[in-house]
There are 2 protein chains.
Amino acid sequence: MKKPILYHMPVCPFCQRVDILLTLKDRRDDIEVQSIDITQPRPEALLQKTHGPTALPVLETADGHIVKESLVILQYLDEIYPERPVAQRDPWRRAVENMLTRMDSEFFMPGFGWLRNQDPSRRDALREGMLKQYAQLNDFLQEHAPSGPFLFEDFGWAETVFTPFFQRFWFLEYYEGFTLPDEPRYARVRQWAEACLAHPAAQQVTKEEVIKLYYDFSKGAGNGSLPPGRTRSSLVFEPDWRSRPWPPKNKYEHSATDAELGL
Amino acid sequence: MKKPILYHMPVCPFCQRVDILLTLKDRRDDIEVQSIDITQPRPEALLQKTHGPTALPVLETADGHIVKESLVILQYLDEIYPERPVAQRDPWRRAVENMLTRMDSEFFMPGFGWLRNQDPSRRDALREGMLKQYAQLNDFLQEHAPSGPFLFEDFGWAETVFTPFFQRFWFLEYYEGFTLPDEPRYARVRQWAEACLAHPAAQQVTKEEVIKLYYDFSKGAGNGSLPPGRTRSSLVFEPDWRSRPWPPKNKYEHSATDAELGL
(Lines give C-alpha, C1' and ligand atoms only; values in the text may rest on other atoms or scores of the structure.)
Protein backbone atom coordinates (compact mmCIF):
# COMPACT_ATOMS: atom_id res chain seq x y z
CA MET A 1 0.00 0.00 0.00
CA LYS A 2 1.07 3.53 -0.76
CA LYS A 3 2.40 5.41 2.25
CA PRO A 4 0.83 8.66 3.40
CA ILE A 5 2.99 11.64 2.38
CA LEU A 6 3.74 14.47 4.76
CA TYR A 7 4.67 17.74 3.06
CA HIS A 8 6.58 19.73 5.59
CA MET A 9 9.21 22.36 6.17
CA PRO A 10 11.92 21.33 8.61
CA VAL A 11 11.85 24.29 11.01
CA CYS A 12 8.07 24.88 10.87
CA PRO A 13 6.61 24.39 14.36
CA PHE A 14 3.29 23.10 13.05
CA CYS A 15 5.08 20.51 10.95
CA GLN A 16 7.16 19.48 13.94
CA ARG A 17 3.99 18.67 15.85
CA VAL A 18 3.32 15.93 13.32
CA ASP A 19 6.90 14.67 13.56
CA ILE A 20 6.62 14.47 17.33
CA LEU A 21 3.35 12.57 17.20
CA LEU A 22 4.72 10.07 14.70
CA THR A 23 7.82 9.61 16.87
CA LEU A 24 5.70 9.02 19.97
CA LYS A 25 3.70 6.42 18.05
CA ASP A 26 6.82 4.87 16.49
CA ARG A 27 5.27 5.49 13.06
CA ARG A 28 7.96 7.73 11.58
CA ASP A 29 8.83 5.10 8.98
CA ASP A 30 5.23 4.61 7.87
CA ILE A 31 5.08 8.10 6.41
CA GLU A 32 6.96 9.48 3.43
CA VAL A 33 8.23 12.96 4.14
CA GLN A 34 8.70 15.58 1.43
CA SER A 35 10.48 18.74 2.50
CA ILE A 36 9.21 21.95 0.95
CA ASP A 37 11.53 24.93 0.54
CA ILE A 38 9.20 27.84 1.28
CA THR A 39 11.64 30.32 -0.25
CA GLN A 40 10.80 28.79 -3.63
CA PRO A 41 7.46 28.74 -5.47
CA ARG A 42 5.41 25.77 -4.32
CA PRO A 43 5.77 22.66 -6.51
CA GLU A 44 2.97 22.51 -9.09
CA ALA A 45 2.03 18.99 -8.04
CA LEU A 46 1.39 20.16 -4.48
CA LEU A 47 -0.64 23.16 -5.64
CA GLN A 48 -2.88 20.88 -7.66
CA LYS A 49 -3.45 18.60 -4.70
CA THR A 50 -4.26 21.34 -2.23
CA HIS A 51 -6.28 23.51 -4.66
CA GLY A 52 -4.28 26.62 -3.93
CA PRO A 53 -3.56 27.29 -0.28
CA THR A 54 -0.45 25.40 0.78
CA ALA A 55 0.09 26.29 4.42
CA LEU A 56 2.25 23.52 5.79
CA PRO A 57 2.00 20.83 6.99
CA VAL A 58 -0.14 19.01 4.43
CA LEU A 59 -0.81 15.28 4.65
CA GLU A 60 -1.72 13.22 1.62
CA THR A 61 -3.40 10.08 2.88
CA ALA A 62 -2.72 6.61 1.51
CA ASP A 63 -5.80 6.92 -0.71
CA GLY A 64 -4.95 10.39 -1.96
CA HIS A 65 -7.03 12.62 0.30
CA ILE A 66 -5.54 15.91 1.46
CA VAL A 67 -5.59 16.79 5.17
CA LYS A 68 -4.56 20.30 6.22
CA GLU A 69 -4.03 21.98 9.61
CA SER A 70 -1.60 20.46 12.06
CA LEU A 71 -4.16 19.71 14.76
CA VAL A 72 -6.44 17.99 12.26
CA ILE A 73 -3.53 15.93 10.95
CA LEU A 74 -2.52 14.95 14.50
CA GLN A 75 -5.99 13.67 15.26
CA TYR A 76 -6.23 11.84 11.95
CA LEU A 77 -2.91 10.05 12.46
CA ASP A 78 -3.71 9.28 16.09
CA GLU A 79 -6.91 7.61 14.89
CA ILE A 80 -5.60 5.65 11.91
CA TYR A 81 -2.73 4.31 14.04
CA PRO A 82 -4.66 3.57 17.22
CA GLU A 83 -1.82 1.81 19.04
CA ARG A 84 0.07 4.06 21.45
CA PRO A 85 -2.67 6.69 21.59
CA VAL A 86 -1.33 10.20 22.09
CA ALA A 87 -4.63 11.96 22.79
CA GLN A 88 -6.40 11.04 26.01
CA ARG A 89 -9.31 8.65 25.58
CA ASP A 90 -11.25 9.54 28.72
CA PRO A 91 -13.76 12.34 27.90
CA TRP A 92 -12.83 14.59 30.83
CA ARG A 93 -9.09 14.15 30.32
CA ARG A 94 -9.55 14.82 26.62
CA ALA A 95 -11.49 17.97 27.50
CA VAL A 96 -8.61 19.15 29.69
CA GLU A 97 -6.04 18.72 26.97
CA ASN A 98 -8.42 20.28 24.45
CA MET A 99 -8.83 23.34 26.67
CA LEU A 100 -5.06 23.67 26.89
CA THR A 101 -4.76 23.15 23.12
CA ARG A 102 -7.21 26.02 22.55
CA MET A 103 -4.69 28.32 24.30
CA ASP A 104 -2.02 27.64 21.69
CA SER A 105 -2.47 30.60 19.37
CA GLU A 106 -2.74 33.06 22.27
CA PHE A 107 0.63 31.71 23.33
CA PHE A 108 2.55 31.62 20.09
CA MET A 109 1.20 34.75 18.40
CA PRO A 110 2.77 37.17 20.94
CA GLY A 111 6.07 35.29 20.68
CA PHE A 112 6.25 35.61 16.92
CA GLY A 113 4.93 39.16 17.12
CA TRP A 114 7.71 40.14 19.50
CA LEU A 115 10.37 38.48 17.34
CA ARG A 116 9.18 40.46 14.30
CA ASN A 117 8.87 43.77 16.19
CA GLN A 118 11.16 46.53 14.87
CA ASP A 119 10.30 49.27 17.39
CA PRO A 120 12.53 49.17 20.49
CA SER A 121 10.05 51.30 22.45
CA ARG A 122 7.55 48.43 22.32
CA ARG A 123 9.84 45.83 23.88
CA ASP A 124 8.66 46.22 27.48
CA ALA A 125 5.01 45.88 26.49
CA LEU A 126 5.78 42.84 24.34
CA ARG A 127 7.70 41.26 27.21
CA GLU A 128 4.72 41.82 29.50
CA GLY A 129 2.39 40.32 26.93
CA MET A 130 4.55 37.22 26.67
CA LEU A 131 4.76 36.85 30.45
CA LYS A 132 0.99 37.09 30.67
CA GLN A 133 0.71 34.09 28.38
CA TYR A 134 3.19 32.07 30.42
CA ALA A 135 1.23 33.00 33.55
CA GLN A 136 -1.99 31.72 31.96
CA LEU A 137 -0.36 28.40 31.12
CA ASN A 138 1.03 28.28 34.65
CA ASP A 139 -2.46 28.78 36.10
CA PHE A 140 -3.94 26.11 33.88
CA LEU A 141 -1.28 23.56 34.79
CA GLN A 142 -1.48 24.48 38.46
CA GLU A 143 -5.20 23.81 38.38
CA HIS A 144 -5.21 20.60 36.36
CA ALA A 145 -1.80 19.05 36.95
CA PRO A 146 -0.16 20.66 39.98
CA SER A 147 2.48 17.99 40.53
CA GLY A 148 3.68 17.67 36.93
CA PRO A 149 5.87 17.63 35.04
CA PHE A 150 3.42 16.82 32.21
CA LEU A 151 -0.31 17.46 31.94
CA PHE A 152 -0.92 13.74 32.47
CA GLU A 153 1.41 10.85 33.21
CA ASP A 154 3.43 11.11 30.01
CA PHE A 155 4.40 13.52 27.27
CA GLY A 156 1.17 13.49 25.22
CA TRP A 157 -1.12 15.59 23.07
CA ALA A 158 -0.71 18.91 24.86
CA GLU A 159 3.06 18.54 24.92
CA THR A 160 3.06 17.68 21.21
CA VAL A 161 1.15 20.89 20.55
CA PHE A 162 3.26 23.25 22.69
CA THR A 163 6.82 21.92 22.60
CA PRO A 164 7.63 23.30 19.12
CA PHE A 165 6.88 26.79 20.45
CA PHE A 166 8.97 26.39 23.58
CA GLN A 167 11.76 25.56 21.15
CA ARG A 168 11.02 28.40 18.74
CA PHE A 169 11.06 30.84 21.64
CA TRP A 170 14.79 30.24 21.89
CA PHE A 171 14.76 33.07 19.35
CA LEU A 172 13.37 35.42 22.01
CA GLU A 173 16.24 34.52 24.33
CA TYR A 174 18.78 35.23 21.59
CA TYR A 175 17.33 38.28 19.86
CA GLU A 176 15.40 39.85 22.75
CA GLY A 177 17.22 38.62 25.84
CA PHE A 178 14.01 37.07 27.13
CA THR A 179 14.04 34.24 29.61
CA LEU A 180 11.24 33.23 31.90
CA PRO A 181 11.85 34.91 35.29
CA ASP A 182 12.84 32.55 38.09
CA GLU A 183 9.73 33.33 40.13
CA PRO A 184 7.04 31.15 41.73
CA ARG A 185 4.51 32.77 39.36
CA TYR A 186 6.04 30.78 36.48
CA ALA A 187 7.40 27.74 38.32
CA ARG A 188 4.85 25.24 37.07
CA VAL A 189 5.03 26.29 33.41
CA ARG A 190 8.84 26.34 33.58
CA GLN A 191 8.80 22.78 34.92
CA TRP A 192 6.51 21.81 32.05
CA ALA A 193 8.54 23.54 29.35
CA GLU A 194 11.79 22.03 30.62
CA ALA A 195 10.33 18.54 30.66
CA CYS A 196 8.96 19.08 27.15
CA LEU A 197 12.29 20.37 25.82
CA ALA A 198 14.14 17.39 27.28
CA HIS A 199 11.84 14.72 25.88
CA PRO A 200 13.48 12.34 23.38
CA ALA A 201 10.50 12.46 20.99
CA ALA A 202 10.86 16.24 20.53
CA GLN A 203 14.47 16.64 19.38
CA GLN A 204 13.77 17.50 15.73
CA VAL A 205 15.32 20.98 15.96
CA THR A 206 18.20 22.57 17.82
CA LYS A 207 18.60 26.02 19.30
CA GLU A 208 21.25 26.84 16.70
CA GLU A 209 18.97 25.87 13.83
CA VAL A 210 16.05 27.91 15.15
CA ILE A 211 18.18 31.01 15.74
CA LYS A 212 19.85 30.92 12.34
CA LEU A 213 16.73 30.13 10.31
CA TYR A 214 14.54 32.71 12.05
CA TYR A 215 16.96 35.61 11.55
CA ASP A 216 14.78 37.21 8.86
CA PHE A 217 11.76 37.06 11.15
CA SER A 218 13.76 39.00 13.74
CA LYS A 219 14.10 41.73 11.10
CA GLY A 220 10.35 41.85 10.53
CA ALA A 221 10.25 39.63 7.43
CA GLY A 222 8.29 36.41 7.47
CA ASN A 223 7.78 33.08 5.77
CA GLY A 224 10.42 33.44 3.10
CA SER A 225 10.09 37.16 2.32
CA LEU A 226 13.33 39.16 2.40
CA PRO A 227 14.51 42.05 4.58
CA PRO A 228 15.71 45.08 2.54
CA GLY A 229 19.10 44.69 0.88
CA ARG A 230 19.13 40.93 1.07
CA THR A 231 18.98 38.43 -1.80
CA ARG A 232 18.68 35.12 0.04
CA SER A 233 16.31 34.13 2.82
CA SER A 234 17.62 32.82 6.14
CA LEU A 235 15.19 29.92 5.56
CA VAL A 236 16.95 28.56 2.45
CA PHE A 237 18.05 24.92 2.55
CA GLU A 238 21.48 25.68 1.05
CA PRO A 239 23.92 26.61 2.44
CA ASP A 240 23.00 24.33 5.31
CA TRP A 241 22.49 26.21 8.59
CA ARG A 242 25.28 24.18 10.24
CA SER A 243 27.83 25.84 7.98
CA ARG A 244 26.65 29.40 8.63
CA PRO A 245 27.91 31.72 11.39
CA TRP A 246 25.63 32.68 14.26
CA PRO A 247 23.69 35.82 13.30
CA PRO A 248 24.25 39.13 15.10
CA LYS A 249 22.01 39.53 18.15
CA ASN A 250 21.49 43.28 17.89
CA LYS A 251 18.47 43.24 15.63
CA TYR A 252 17.44 46.82 16.49
CA GLU A 253 20.83 48.35 15.58
CA HIS A 254 22.13 46.30 12.70
CA SER A 255 20.89 44.56 9.55
CA ALA A 256 23.11 41.67 8.58
CA THR A 257 24.05 41.15 4.93
CA ASP A 258 23.80 37.85 3.07
CA ALA A 259 27.57 37.51 3.52
CA GLU A 260 27.45 38.09 7.29
CA LEU A 261 24.80 35.38 7.54
CA GLY A 262 26.81 32.96 5.41
CA LEU A 263 24.10 32.91 2.74
CA MET B 1 -26.76 11.53 40.06
CA LYS B 2 -26.32 15.27 39.79
CA LYS B 3 -26.98 16.64 36.29
CA PRO B 4 -24.30 18.53 34.40
CA ILE B 5 -25.01 22.27 34.45
CA LEU B 6 -24.70 24.41 31.35
CA TYR B 7 -24.14 28.11 32.03
CA HIS B 8 -25.25 29.93 28.94
CA MET B 9 -26.62 33.13 27.52
CA PRO B 10 -29.66 32.64 25.30
CA VAL B 11 -28.53 34.57 22.19
CA CYS B 12 -24.83 33.60 22.39
CA PRO B 13 -23.91 31.62 19.25
CA PHE B 14 -21.31 29.53 21.04
CA CYS B 15 -23.85 28.55 23.67
CA GLN B 16 -26.35 27.67 20.96
CA ARG B 17 -23.89 25.16 19.53
CA VAL B 18 -24.24 23.19 22.75
CA ASP B 19 -28.03 23.47 22.66
CA ILE B 20 -28.07 22.15 19.11
CA LEU B 21 -25.84 19.21 19.93
CA LEU B 22 -27.95 18.27 22.94
CA THR B 23 -31.08 18.51 20.80
CA LEU B 24 -29.57 16.29 18.10
CA LYS B 25 -28.68 13.75 20.77
CA ASP B 26 -32.06 14.07 22.51
CA ARG B 27 -30.21 14.93 25.72
CA ARG B 28 -31.68 18.36 26.39
CA ASP B 29 -33.37 17.11 29.55
CA ASP B 30 -30.23 15.54 30.94
CA ILE B 31 -28.59 18.93 31.42
CA GLU B 32 -29.58 21.69 33.81
CA VAL B 33 -29.37 25.07 32.07
CA GLN B 34 -28.60 28.27 33.95
CA SER B 35 -29.01 31.46 31.94
CA ILE B 36 -26.47 34.19 32.65
CA ASP B 37 -27.36 37.84 32.10
CA ILE B 38 -24.10 39.24 30.73
CA THR B 39 -25.26 42.80 31.37
CA GLN B 40 -24.91 42.05 35.10
CA PRO B 41 -21.78 41.16 37.09
CA ARG B 42 -21.18 37.43 36.91
CA PRO B 43 -22.63 35.44 39.84
CA GLU B 44 -19.96 34.91 42.51
CA ALA B 45 -20.57 31.15 42.52
CA LEU B 46 -19.75 30.95 38.80
CA LEU B 47 -16.61 33.08 39.21
CA GLN B 48 -15.35 30.74 41.90
CA LYS B 49 -15.92 27.71 39.74
CA THR B 50 -14.23 29.10 36.64
CA HIS B 51 -11.39 30.86 38.50
CA GLY B 52 -12.00 34.19 36.85
CA PRO B 53 -12.61 34.06 33.11
CA THR B 54 -16.26 33.37 32.42
CA ALA B 55 -16.60 33.38 28.67
CA LEU B 56 -19.78 31.44 27.96
CA PRO B 57 -20.70 28.65 27.58
CA VAL B 58 -19.32 26.90 30.64
CA LEU B 59 -20.22 23.32 31.48
CA GLU B 60 -20.04 21.98 35.01
CA THR B 61 -19.84 18.21 34.76
CA ALA B 62 -21.76 15.85 36.99
CA ASP B 63 -18.71 15.47 39.22
CA GLY B 64 -18.02 19.20 39.41
CA HIS B 65 -15.36 19.68 36.74
CA ILE B 66 -15.45 22.85 34.66
CA VAL B 67 -15.27 22.59 30.86
CA LYS B 68 -14.87 25.80 28.83
CA GLU B 69 -14.87 26.55 25.09
CA SER B 70 -17.85 25.52 23.01
CA LEU B 71 -15.96 23.09 20.77
CA VAL B 72 -14.42 21.36 23.77
CA ILE B 73 -17.83 21.09 25.42
CA LEU B 74 -19.36 19.68 22.22
CA GLN B 75 -16.74 16.96 22.03
CA TYR B 76 -17.05 16.15 25.73
CA LEU B 77 -20.84 15.79 25.53
CA ASP B 78 -20.65 13.80 22.32
CA GLU B 79 -18.33 11.37 24.10
CA ILE B 80 -20.13 11.00 27.43
CA TYR B 81 -23.40 10.41 25.57
CA PRO B 82 -22.13 8.13 22.83
CA GLU B 83 -25.54 7.22 21.40
CA ARG B 84 -26.52 9.30 18.35
CA PRO B 85 -22.96 10.47 17.67
CA VAL B 86 -22.79 13.94 16.15
CA ALA B 87 -19.11 13.96 15.20
CA GLN B 88 -18.06 11.57 12.46
CA ARG B 89 -16.33 8.43 13.68
CA ASP B 90 -14.38 7.57 10.54
CA PRO B 91 -10.92 9.24 10.72
CA TRP B 92 -11.04 10.78 7.24
CA ARG B 93 -14.60 12.04 7.62
CA ARG B 94 -13.70 13.44 11.01
CA ALA B 95 -10.71 15.18 9.44
CA VAL B 96 -13.00 16.77 6.84
CA GLU B 97 -15.36 18.16 9.43
CA ASN B 98 -12.42 19.27 11.56
CA MET B 99 -10.95 21.17 8.60
CA LEU B 100 -14.27 22.90 8.09
CA THR B 101 -14.54 23.60 11.83
CA ARG B 102 -11.10 25.28 11.74
CA MET B 103 -12.59 27.81 9.30
CA ASP B 104 -15.14 28.99 11.84
CA SER B 105 -13.40 32.05 13.28
CA GLU B 106 -12.33 33.30 9.85
CA PHE B 107 -16.01 33.17 8.99
CA PHE B 108 -17.62 34.75 12.01
CA MET B 109 -15.01 37.40 12.87
CA PRO B 110 -15.65 39.45 9.69
CA GLY B 111 -19.39 39.20 10.25
CA PHE B 112 -19.23 40.59 13.76
CA GLY B 113 -16.60 43.11 12.67
CA TRP B 114 -18.88 44.41 9.97
CA LEU B 115 -21.86 44.64 12.34
CA ARG B 116 -19.79 46.72 14.77
CA ASN B 117 -18.29 48.97 12.10
CA GLN B 118 -19.20 52.66 12.47
CA ASP B 119 -17.44 54.01 9.36
CA PRO B 120 -19.71 53.99 6.28
CA SER B 121 -16.69 54.31 3.95
CA ARG B 122 -15.55 50.83 5.02
CA ARG B 123 -18.79 49.07 4.09
CA ASP B 124 -17.77 47.96 0.61
CA ALA B 125 -14.52 46.47 1.85
CA LEU B 126 -16.30 44.70 4.69
CA ARG B 127 -18.86 43.33 2.25
CA GLU B 128 -16.06 41.98 0.07
CA GLY B 129 -14.39 40.43 3.09
CA MET B 130 -17.59 38.67 4.06
CA LEU B 131 -18.16 37.40 0.51
CA LYS B 132 -14.63 36.03 0.45
CA GLN B 133 -15.43 33.91 3.48
CA TYR B 134 -18.63 32.60 1.92
CA ALA B 135 -16.64 31.77 -1.21
CA GLN B 136 -14.14 29.79 0.85
CA LEU B 137 -16.90 27.78 2.46
CA ASN B 138 -18.42 27.27 -0.97
CA ASP B 139 -15.12 25.90 -2.30
CA PHE B 140 -14.71 23.58 0.65
CA LEU B 141 -18.22 22.17 0.32
CA GLN B 142 -17.89 21.90 -3.44
CA GLU B 143 -14.75 19.83 -2.96
CA HIS B 144 -15.91 17.57 -0.15
CA ALA B 145 -19.69 17.43 -0.51
CA PRO B 146 -20.72 18.67 -3.94
CA SER B 147 -24.23 17.25 -3.90
CA GLY B 148 -25.23 18.42 -0.42
CA PRO B 149 -27.16 19.79 1.26
CA PHE B 150 -25.09 18.87 4.35
CA LEU B 151 -21.40 18.00 4.66
CA PHE B 152 -22.37 14.36 5.18
CA GLU B 153 -25.71 12.56 5.15
CA ASP B 154 -27.25 14.48 8.02
CA PHE B 155 -27.02 17.72 9.94
CA GLY B 156 -23.96 16.96 12.11
CA TRP B 157 -20.89 18.45 13.74
CA ALA B 158 -20.03 21.04 11.09
CA GLU B 159 -23.63 22.21 10.91
CA THR B 160 -23.77 22.47 14.70
CA VAL B 161 -20.68 24.69 14.57
CA PHE B 162 -21.80 27.01 11.76
CA THR B 163 -25.57 27.30 12.00
CA PRO B 164 -25.55 29.78 14.92
CA PHE B 165 -23.55 32.16 12.71
CA PHE B 166 -25.80 31.81 9.71
CA GLN B 167 -28.56 32.86 12.10
CA ARG B 168 -26.57 35.70 13.69
CA PHE B 169 -25.81 37.07 10.24
CA TRP B 170 -29.46 37.98 9.95
CA PHE B 171 -28.16 41.14 11.63
CA LEU B 172 -26.10 41.89 8.50
CA GLU B 173 -29.21 41.64 6.38
CA TYR B 174 -31.10 44.03 8.65
CA TYR B 175 -28.45 46.59 9.56
CA GLU B 176 -26.21 46.39 6.47
CA GLY B 177 -28.55 45.22 3.72
CA PHE B 178 -26.31 42.22 3.10
CA THR B 179 -27.62 39.07 1.49
CA LEU B 180 -25.59 36.44 -0.26
CA PRO B 181 -25.69 37.23 -4.02
CA ASP B 182 -27.71 34.81 -6.14
CA GLU B 183 -24.66 33.69 -8.12
CA PRO B 184 -23.18 30.27 -8.90
CA ARG B 185 -20.08 31.30 -6.92
CA TYR B 186 -22.11 30.97 -3.71
CA ALA B 187 -24.68 28.35 -4.72
CA ARG B 188 -23.30 25.47 -2.68
CA VAL B 189 -22.81 27.45 0.53
CA ARG B 190 -26.28 28.98 0.14
CA GLN B 191 -27.75 25.50 -0.19
CA TRP B 192 -25.87 24.51 2.96
CA ALA B 193 -26.88 27.58 4.96
CA GLU B 194 -30.53 27.22 3.97
CA ALA B 195 -30.60 23.56 4.98
CA CYS B 196 -28.92 24.45 8.28
CA LEU B 197 -31.38 27.27 9.00
CA ALA B 198 -34.34 25.01 8.30
CA HIS B 199 -33.24 22.13 10.51
CA PRO B 200 -35.55 21.39 13.46
CA ALA B 201 -32.63 20.95 15.90
CA ALA B 202 -31.42 24.51 15.31
CA GLN B 203 -34.48 26.63 16.08
CA GLN B 204 -33.29 28.10 19.40
CA VAL B 205 -33.32 31.71 18.13
CA THR B 206 -35.43 33.77 15.76
CA LYS B 207 -34.49 36.54 13.37
CA GLU B 208 -36.43 39.03 15.47
CA GLU B 209 -34.58 38.03 18.63
CA VAL B 210 -31.17 38.28 16.98
CA ILE B 211 -31.88 41.69 15.47
CA LYS B 212 -33.26 43.19 18.66
CA LEU B 213 -30.60 41.80 20.98
CA TYR B 214 -27.66 42.71 18.75
CA TYR B 215 -28.68 46.35 18.29
CA ASP B 216 -25.89 47.62 20.57
CA PHE B 217 -23.30 45.66 18.58
CA SER B 218 -24.50 47.45 15.45
CA LYS B 219 -23.57 50.68 17.22
CA GLY B 220 -20.07 49.42 17.97
CA ALA B 221 -20.67 48.28 21.55
CA GLY B 222 -20.20 44.67 22.50
CA ASN B 223 -20.95 42.02 25.09
CA GLY B 224 -23.07 44.10 27.41
CA SER B 225 -21.22 47.44 27.15
CA LEU B 226 -23.38 50.48 26.33
CA PRO B 227 -23.42 52.90 23.39
CA PRO B 228 -23.18 56.58 24.45
CA GLY B 229 -26.35 58.06 25.96
CA ARG B 230 -27.89 54.71 26.80
CA THR B 231 -28.59 53.27 30.23
CA ARG B 232 -29.76 49.74 29.40
CA SER B 233 -28.17 47.17 27.12
CA SER B 234 -30.08 45.64 24.22
CA LEU B 235 -29.01 42.30 25.71
CA VAL B 236 -30.98 42.66 28.96
CA PHE B 237 -33.45 39.89 29.79
CA GLU B 238 -36.19 42.34 30.82
CA PRO B 239 -38.13 43.76 29.10
CA ASP B 240 -38.38 40.61 27.01
CA TRP B 241 -37.34 41.15 23.39
CA ARG B 242 -40.78 40.07 22.17
CA SER B 243 -42.33 43.15 23.74
CA ARG B 244 -39.86 45.61 22.22
CA PRO B 245 -40.24 47.40 18.88
CA TRP B 246 -37.94 46.53 15.98
CA PRO B 247 -34.84 48.77 16.18
CA PRO B 248 -34.12 51.41 13.50
CA LYS B 249 -32.09 50.01 10.62
CA ASN B 250 -30.11 53.17 9.87
CA LYS B 251 -27.21 52.53 12.23
CA TYR B 252 -24.90 55.02 10.47
CA GLU B 253 -27.32 57.94 10.73
CA HIS B 254 -29.15 57.47 13.98
CA SER B 255 -28.54 56.29 17.54
CA ALA B 256 -31.67 54.93 19.14
CA THR B 257 -32.51 55.84 22.74
CA ASP B 258 -33.52 53.37 25.43
CA ALA B 259 -37.12 54.46 24.87
CA GLU B 260 -37.01 53.90 21.10
CA LEU B 261 -35.70 50.40 21.75
CA GLY B 262 -38.38 49.65 24.34
CA LEU B 263 -35.78 49.24 27.09
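**Interface and symmetry of chains A and B**

In the predicted model, 20 residues of chain A are in contact with 20 residues of chain B, contact being defined as heavy atoms within 4.5 Å. Residues are numbered from 1 along each chain as its sequence is written, chains are lettered from A in the order in which they are written, and side-chain values use heavy atoms, with hydrogens and water left out.

About 2,000 Å² is buried between chain A and chain B, and carbon and sulfur atoms give 64% of this area. Buried area is the accessible area (1.4 Å probe) lost by two parts on being put together, summed over both. Two salt bridges are found across the interface, a salt bridge being a side-chain nitrogen of Lys or Arg within 4 Å of a carboxyl oxygen of Asp or Glu. The side chains of B:E69 and A:R102 are joined in a salt bridge, with an N to O distance of 3.2 Å. On the side of chain A that touches chain B, the elements giving two or more residues are strand 4 (66–68), helix 3 (70–80) and helix 4 (91–101); helices (H or I, at least four residues) and strands (E, at least two) are DSSP runs numbered from the N terminus.

Chain A can be laid on chain B with an RMSD of 0.0 Å by a turn of 180° and a shift of 0.0 Å along the axis. The superposition is by least squares on the C-alpha atoms of residues with pLDDT of at least 70 in both copies. The two copies are therefore related as by a two-fold rotation axis. The C-alpha of chain A nearest this axis belongs to A:R102, at 5.8 Å. The same surface serves both copies, as 100% of the contact residues of chain A recur in chain B.

Within helix 3 of chain A lies A:L77, which counts as buried because its relative accessibility is 0%; the cut-offs are under 20% for buried and over 50% for exposed, with partly exposed in between (1.4 Å probe, protein chains only). Leaving aside residues up to four places away in sequence, A:L77 touches A:V18, A:L21, A:L22, A:K25, A:I31 and A:L59. The C-alpha atoms of A:L77 and A:R232 are separated by 35 Å, with the two residues 155 apart along the chain.

A:S234 is found in the segment after helix 11 (215–218) of chain A and, at 1% relative accessibility, also counts as buried.

Methods:
This is a predicted model: local features need pLDDT of at least 70, side-chain atom pairs count only at pLDDT 80 or more; totals for chains, interfaces and linings use all residues.
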